[in-house]
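Student: Hi! Could we go through this structure together? I'd like to start with the charged pairs and then zoom out.

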Amino acid sequence: MVRVSAHAFDVSFIPRGDTAAIAAEVTRHTAAVIVEPVQGLAGAVDLGAPFLGALRARCDEVGALLIFDEVQCGVGRTGQPFAANLYGVRPDMLTTAKALGNGFPCAVLMLSPLVAASLKPESLGTTFGGGPMACAAIEAVIASHQERAAARACAARGRVYPQDLCPGPGHRAPGRGPARWLRTTRPAKEIQAELLECCILTGTASDPHVLRLLPPLILAEEHVDLLRDALRDLPA
(Lines give C-alpha, C1' and ligand atoms only; values in the text may rest on other atoms or scores of the structure.)
Protein backbone atom coordinates (compact mmCIF):
# COMPACT_ATOMS: atom_id res chain seq x y z
CA MET A 1 0.00 0.00 0.00
CA VAL A 2 1.31 3.44 -0.87
CA ARG A 3 0.86 6.49 1.33
CA VAL A 4 1.41 9.81 -0.45
CA SER A 5 2.34 12.77 1.73
CA ALA A 6 1.17 16.29 1.00
CA HIS A 7 4.71 17.51 1.67
CA ALA A 8 6.71 17.41 -1.58
CA PHE A 9 4.91 14.20 -2.59
CA ASP A 10 6.90 11.98 -0.27
CA VAL A 11 5.85 8.34 -0.58
CA SER A 12 5.97 5.54 1.97
CA PHE A 13 4.65 1.99 1.94
CA ILE A 14 2.41 0.14 4.37
CA PRO A 15 3.04 -3.62 4.65
CA ARG A 16 0.16 -5.65 3.23
CA GLY A 17 -2.37 -6.60 5.86
CA ASP A 18 -0.58 -4.73 8.65
CA THR A 19 -3.47 -2.81 10.20
CA ALA A 20 -1.25 -1.74 13.12
CA ALA A 21 0.98 0.23 10.72
CA ILE A 22 -1.89 2.24 9.25
CA ALA A 23 -2.17 4.76 12.09
CA ALA A 24 1.57 5.45 12.06
CA GLU A 25 1.79 5.96 8.30
CA VAL A 26 -1.52 7.66 7.53
CA THR A 27 -1.57 11.00 9.36
CA ARG A 28 -2.97 14.49 8.87
CA HIS A 29 0.00 15.16 6.60
CA THR A 30 -1.08 12.36 4.24
CA ALA A 31 -2.67 13.47 0.98
CA ALA A 32 -3.87 10.05 -0.18
CA VAL A 33 -3.54 6.30 0.18
CA ILE A 34 -3.37 4.28 -3.04
CA VAL A 35 -4.14 0.57 -2.86
CA GLU A 36 -4.80 -2.28 -5.27
CA PRO A 37 -7.49 -4.26 -3.36
CA VAL A 38 -6.75 -7.52 -5.18
CA GLN A 39 -3.13 -7.37 -6.23
CA GLY A 40 -2.22 -8.95 -9.55
CA LEU A 41 1.42 -8.53 -10.53
CA ALA A 42 2.39 -8.66 -6.86
CA GLY A 43 1.37 -12.33 -6.86
CA ALA A 44 -2.30 -12.94 -6.05
CA VAL A 45 -2.80 -11.04 -2.83
CA ASP A 46 -6.39 -10.48 -1.71
CA LEU A 47 -6.14 -7.68 0.87
CA GLY A 48 -9.58 -8.38 2.34
CA ALA A 49 -12.31 -6.33 3.98
CA PRO A 50 -10.72 -5.82 7.45
CA PHE A 51 -7.56 -4.18 6.09
CA LEU A 52 -9.35 -2.10 3.45
CA GLY A 53 -11.99 -1.08 5.96
CA ALA A 54 -9.26 0.03 8.35
CA LEU A 55 -7.72 2.15 5.59
CA ARG A 56 -11.10 3.75 4.90
CA ALA A 57 -11.66 4.55 8.56
CA ARG A 58 -8.20 6.06 9.02
CA CYS A 59 -8.48 8.18 5.87
CA ASP A 60 -11.81 9.52 7.11
CA GLU A 61 -10.25 10.28 10.50
CA VAL A 62 -7.30 12.30 9.16
CA GLY A 63 -8.88 13.74 6.00
CA ALA A 64 -6.84 11.77 3.44
CA LEU A 65 -8.20 10.43 0.16
CA LEU A 66 -8.51 6.69 -0.42
CA ILE A 67 -7.73 5.66 -4.00
CA PHE A 68 -8.41 2.17 -5.37
CA ASP A 69 -6.34 0.93 -8.31
CA GLU A 70 -8.73 -1.48 -10.03
CA VAL A 71 -7.09 -1.40 -13.45
CA GLN A 72 -6.65 -5.17 -13.31
CA CYS A 73 -9.23 -6.40 -10.80
CA GLY A 74 -12.14 -4.13 -11.78
CA VAL A 75 -15.09 -4.47 -14.17
CA GLY A 76 -16.41 -7.85 -13.09
CA ARG A 77 -13.15 -9.71 -12.69
CA THR A 78 -13.83 -10.49 -9.03
CA GLY A 79 -17.44 -11.48 -9.68
CA GLN A 80 -18.62 -7.99 -8.67
CA PRO A 81 -18.51 -4.76 -10.71
CA PHE A 82 -15.51 -3.69 -8.62
CA ALA A 83 -13.58 -5.05 -5.65
CA ALA A 84 -14.93 -2.00 -3.80
CA ASN A 85 -18.39 -3.58 -4.10
CA LEU A 86 -17.02 -6.93 -3.01
CA TYR A 87 -15.62 -5.54 0.25
CA GLY A 88 -18.19 -2.82 0.89
CA VAL A 89 -15.48 -0.16 1.02
CA ARG A 90 -16.08 3.00 -1.00
CA PRO A 91 -12.95 4.83 -2.18
CA ASP A 92 -12.78 8.54 -2.98
CA MET A 93 -11.20 7.79 -6.35
CA LEU A 94 -11.10 4.61 -8.43
CA THR A 95 -9.09 3.89 -11.57
CA THR A 96 -9.98 1.11 -13.96
CA ALA A 97 -9.07 -0.02 -17.49
CA LYS A 98 -8.28 -3.30 -19.29
CA ALA A 99 -11.61 -5.17 -19.04
CA LEU A 100 -13.46 -1.85 -19.27
CA GLY A 101 -13.07 -1.75 -23.05
CA ASN A 102 -13.13 -5.52 -23.61
CA GLY A 103 -9.54 -5.32 -24.84
CA PHE A 104 -9.78 -1.92 -26.55
CA PRO A 105 -7.33 0.61 -24.99
CA CYS A 106 -9.22 2.87 -22.58
CA ALA A 107 -9.25 3.87 -18.94
CA VAL A 108 -11.50 5.71 -16.49
CA LEU A 109 -10.96 7.69 -13.33
CA MET A 110 -14.06 7.71 -11.15
CA LEU A 111 -14.48 10.31 -8.42
CA SER A 112 -16.69 10.69 -5.37
CA PRO A 113 -19.03 13.72 -5.44
CA LEU A 114 -16.80 15.48 -2.91
CA VAL A 115 -13.67 15.12 -5.03
CA ALA A 116 -15.48 15.87 -8.29
CA ALA A 117 -16.84 19.13 -6.84
CA SER A 118 -13.29 20.41 -6.33
CA LEU A 119 -12.32 20.01 -10.01
CA LYS A 120 -12.60 22.52 -12.82
CA PRO A 121 -12.77 21.71 -16.56
CA GLU A 122 -9.04 22.35 -16.98
CA SER A 123 -8.04 20.29 -13.92
CA LEU A 124 -7.64 17.03 -15.83
CA GLY A 125 -5.87 16.55 -19.15
CA THR A 126 -5.60 13.56 -21.48
CA THR A 127 -4.24 12.81 -24.94
CA PHE A 128 -6.81 10.28 -26.11
CA GLY A 129 -9.64 10.88 -23.64
CA GLY A 130 -13.20 10.74 -24.89
CA GLY A 131 -12.46 9.10 -28.24
CA PRO A 132 -15.66 7.82 -29.91
CA MET A 133 -14.33 4.26 -30.42
CA ALA A 134 -13.27 3.93 -26.79
CA CYS A 135 -16.54 5.40 -25.53
CA ALA A 136 -18.53 2.97 -27.70
CA ALA A 137 -16.55 0.03 -26.31
CA ILE A 138 -17.06 1.19 -22.74
CA GLU A 139 -20.78 1.69 -23.31
CA ALA A 140 -21.13 -1.84 -24.69
CA VAL A 141 -19.26 -3.36 -21.72
CA ILE A 142 -21.39 -1.44 -19.22
CA ALA A 143 -24.57 -2.56 -20.99
CA SER A 144 -23.40 -6.17 -20.77
CA HIS A 145 -22.79 -5.86 -17.04
CA GLN A 146 -26.12 -4.21 -16.46
CA GLU A 147 -27.79 -7.32 -17.83
CA ARG A 148 -26.24 -9.07 -14.82
CA ALA A 149 -26.39 -12.57 -16.33
CA ALA A 150 -22.75 -12.48 -17.42
CA ALA A 151 -21.55 -11.26 -14.03
CA ARG A 152 -23.53 -13.92 -12.15
CA ALA A 153 -22.16 -16.68 -14.39
CA CYS A 154 -18.70 -15.20 -13.93
CA ALA A 155 -18.95 -15.39 -10.13
CA ALA A 156 -20.24 -18.96 -10.29
CA ARG A 157 -17.29 -20.04 -12.42
CA GLY A 158 -14.98 -18.40 -9.89
CA ARG A 159 -16.32 -20.73 -7.21
CA VAL A 160 -15.33 -23.85 -9.15
CA TYR A 161 -11.82 -22.71 -9.99
CA PRO A 162 -10.02 -23.63 -6.75
CA GLN A 163 -10.78 -27.35 -6.84
CA ASP A 164 -10.77 -27.70 -10.64
CA LEU A 165 -7.52 -26.00 -11.59
CA CYS A 166 -4.95 -27.64 -9.37
CA PRO A 167 -3.82 -30.76 -11.22
CA GLY A 168 -0.31 -31.17 -12.61
CA PRO A 169 1.97 -28.24 -11.70
CA GLY A 170 -0.75 -26.25 -9.92
CA HIS A 171 -1.32 -26.68 -6.19
CA ARG A 172 -3.41 -23.64 -5.17
CA ALA A 173 -5.63 -21.09 -6.94
CA PRO A 174 -6.03 -17.95 -4.79
CA GLY A 175 -7.95 -14.92 -6.00
CA ARG A 176 -11.51 -13.68 -6.22
CA GLY A 177 -14.27 -14.72 -8.63
CA PRO A 178 -12.94 -15.66 -12.07
CA ALA A 179 -9.68 -13.74 -11.47
CA ARG A 180 -7.35 -16.47 -10.24
CA TRP A 181 -3.62 -16.80 -9.77
CA LEU A 182 -2.40 -20.38 -9.97
CA ARG A 183 0.45 -21.15 -7.60
CA THR A 184 2.79 -23.54 -9.32
CA THR A 185 5.31 -26.15 -8.26
CA ARG A 186 7.55 -25.20 -11.19
CA PRO A 187 8.50 -21.75 -12.55
CA ALA A 188 5.36 -20.11 -13.90
CA LYS A 189 7.11 -18.97 -17.09
CA GLU A 190 7.69 -22.62 -18.02
CA ILE A 191 4.02 -23.45 -17.55
CA GLN A 192 2.97 -20.30 -19.41
CA ALA A 193 5.01 -21.42 -22.44
CA GLU A 194 3.63 -24.96 -22.26
CA LEU A 195 0.03 -23.71 -22.08
CA LEU A 196 0.66 -21.38 -25.02
CA GLU A 197 1.46 -24.47 -27.11
CA CYS A 198 -2.09 -25.58 -26.24
CA CYS A 199 -3.43 -22.18 -27.45
CA ILE A 200 -4.12 -21.05 -23.87
CA LEU A 201 -3.03 -17.51 -22.95
CA THR A 202 -1.97 -16.82 -19.36
CA GLY A 203 0.17 -14.26 -17.57
CA THR A 204 2.90 -14.31 -14.95
CA ALA A 205 3.62 -12.13 -11.91
CA SER A 206 6.53 -10.80 -9.90
CA ASP A 207 6.31 -14.03 -7.91
CA PRO A 208 8.05 -16.61 -10.16
CA HIS A 209 5.61 -19.31 -9.02
CA VAL A 210 2.38 -17.48 -9.83
CA LEU A 211 0.44 -17.86 -13.09
CA ARG A 212 -2.30 -15.26 -13.70
CA LEU A 213 -5.69 -16.33 -15.08
CA LEU A 214 -7.87 -13.39 -16.17
CA PRO A 215 -10.59 -14.82 -18.42
CA PRO A 216 -13.20 -12.73 -20.25
CA LEU A 217 -16.88 -12.74 -19.29
CA ILE A 218 -17.64 -15.02 -22.26
CA LEU A 219 -15.76 -17.83 -20.49
CA ALA A 220 -17.66 -21.11 -20.84
CA GLU A 221 -17.39 -24.38 -18.94
CA GLU A 222 -15.68 -25.93 -21.94
CA HIS A 223 -12.87 -23.40 -21.59
CA VAL A 224 -12.41 -24.26 -17.92
CA ASP A 225 -12.31 -27.93 -18.87
CA LEU A 226 -9.72 -27.19 -21.56
CA LEU A 227 -7.42 -25.47 -19.09
CA ARG A 228 -7.88 -28.15 -16.43
CA ASP A 229 -7.12 -30.94 -18.90
CA ALA A 230 -4.06 -29.11 -20.24
CA LEU A 231 -2.70 -28.64 -16.70
CA ARG A 232 -3.32 -32.28 -15.90
CA ASP A 233 -1.16 -33.31 -18.86
CA LEU A 234 1.76 -31.11 -17.82
CA PRO A 235 4.51 -32.53 -15.61
CA ALA A 236 4.28 -31.57 -11.96
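Tutor: Happy to. This is a predicted model, and in it the side chains of E190 and R186 form a salt bridge, at 2.9 Å from N to O.

Student: Nice. Is E190 buried or exposed, or in between?

Tutor: E190 is partly exposed, at 38% relative accessible area.

Student: Which residues are joined into a network by salt bridges that share partners?

Tutor: That would be D225, R228, D229 and R232, which are linked into one network.

Student: And how many salt bridges are there by this rule?

Tutor: The count is 9. One of them pairs R56 with D92, again with 2.9 Å between N and O.

Student: Where do R56 and D92 sit?

Tutor: R56 is in helix 2, residues 48-62, while D92 is in the loop between helix 3 (83-87) and strand 7 (93-97). The pair therefore ties together parts that lie 36 residues apart in sequence.

Student: How accessible are those two, R56 and D92?

Tutor: R56 has 13% relative accessibility and counts as buried. D92 is also at 13%, and it counts as buried too.

Student: OK, what about D207, what does it form a salt bridge with?

Tutor: With R183; the closest N and O atoms are 3.0 Å apart. D207 belongs to the loop between strand 12 (203-204) and strand 13 (210-213), and R183 to strand 11 (residues 179-184), so this bridge connects parts 24 residues apart in sequence.

Student: Does D207 count as buried or partly exposed? And R183?

Tutor: D207 comes out as partly exposed, at 22% relative accessibility. R183, at 18%, counts as buried.

Student: Let's zoom out. How many helices and strands are in the protein?

Tutor: The protein has 8 helices and 13 strands.

Student: And what share of the residues counts as buried?

Tutor: Out of 236 residues, 45% are buried.

Student: What about the accessible surface, how much of that belongs to carbon and sulfur atoms?

Tutor: Carbon and sulfur atoms account for 59% of an accessible surface of about 12200 Å².

Student: Last one: among contacts between residues at least 6 apart in sequence, what percentage join residues at least 24 apart?

Tutor: For those contacts, the figure is 59%.

Definitions and conventions. Residues are numbered from 1 along each chain as its sequence is written. This is a predicted model: local features need pLDDT of at least 70, side-chain atom pairs count only at pLDDT 80 or more; totals for chains, interfaces and linings use all residues. Side-chain values use heavy atoms; hydrogens and water are left out. Helices (H or I, at least four residues) and strands (E, at least two) are DSSP runs, numbered from the N terminus. Buried means under 20% relative accessible area, exposed over 50%, partly exposed in between (1.4 Å probe, protein chains only). Contact means heavy atoms within 4.5 Å. Accessible areas come from the Shrake-Rupley method with a 1.4 Å probe; for residues, only the protein chains shown count as cover. A salt bridge is a side-chain nitrogen of Lys or Arg within 4 Å of a carboxyl oxygen of Asp or Glu.
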